[in-house]
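Please keep the sequence and the structure in view while reading.

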Amino acid sequence: GASHRKRELVTELKRNKIEFDVRKLHVGDFLWIAREKVQHQPDQPASHRARELVLEYVVERKRMDDLCGSIVDGRFREQKVREQEVISAADAGLGYCGMVRTGWV
């Protein structure tokens with residue numbers, strides 16, 4: 001199921017030494033973040049966090065059977081509306097949400 005695919009993805013990211021965080025997203029399955037490199041300075045509070053900038057691509061994964069089911073039951077349209085709301089609300093220039101078909105039926 002979905003948790004197995006998530007574990008496989010995490011394993012593959014680790015194997016390829018790719019840094020990642022797992023966070024809950026309102027839309028999509030993946031997005032890319034540019035994170036400021038911060039070196040702690042003695043006179044700087046320890047709570048200083050690196051700034052993050054969400055890059056412009058969001059990826060939604062769908063298996064073909066899930067895509068078909070979501071079109072039939074209306075989830076696909078609902079997801080596209082949410083994606084458009086996020087794009088409209090993002091003044092930072094989030095301009096594209098893509099869908100990637102995964103797996104086989």
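In this predicted model, Trp 32, Leu 53, Leu 55 and Tyr 57 form a nonpolar patch on the surface, and together these residues have about 420 Å² of accessible area. Which strand gives the most to the nonpolar patch? That strand is β2, which spans residues 52-63 and supplies three residues.

**A residue of the patch**
- Leu 55, one of the residues in the patch, has its place in strand β2.
- Because its relative accessible area is 36%, Leu 55 counts as partly exposed, a class that lies between the cut-offs of under 20% for buried and over 50% for exposed.

**The chain as a whole**
- The secondary structure comes to three helices and three strands, and from the N terminus on these elements follow one another in the order α-β-β-α-α-β.
- Of the contacts in the chain with a separation of 6 or more, 52% are between residues 24 or more positions apart.
- The chain has 105 residues, of which buried residues make up 14%.
- The chain exposes about 8700 Å², and carbon and sulfur atoms supply 54% of this area.

- When residues up to four places away in sequence are not counted, Gln 79 touches Glu 60 and Lys 62.

Key
Residues numbered from 1 in each chain as written. Predicted model: local features only at pLDDT ≥ 70, side-chain atom pairs only at ≥ 80, totals over all residues. Heavy atoms only, no water. Helix = DSSP H or I, 4+ residues; strand = E, 2+ residues; numbered from the N terminus. Buried < 20%, exposed > 50% of the residue type's maximum accessible area, 1.4 Å probe, protein only. Contact = heavy atoms within 4.5 Å. Areas by Shrake-Rupley, 256 points an atom, 1.4 Å probe, with all protein chains shown as cover. Patch = residues over 30% accessible without salt bridge, like charges linked within 9 Å, V, L, I, M, F, W, Y side chains within 5 Å. Salt bridge = Lys/Arg side-chain N within 4 Å of Asp/Glu carboxyl O.
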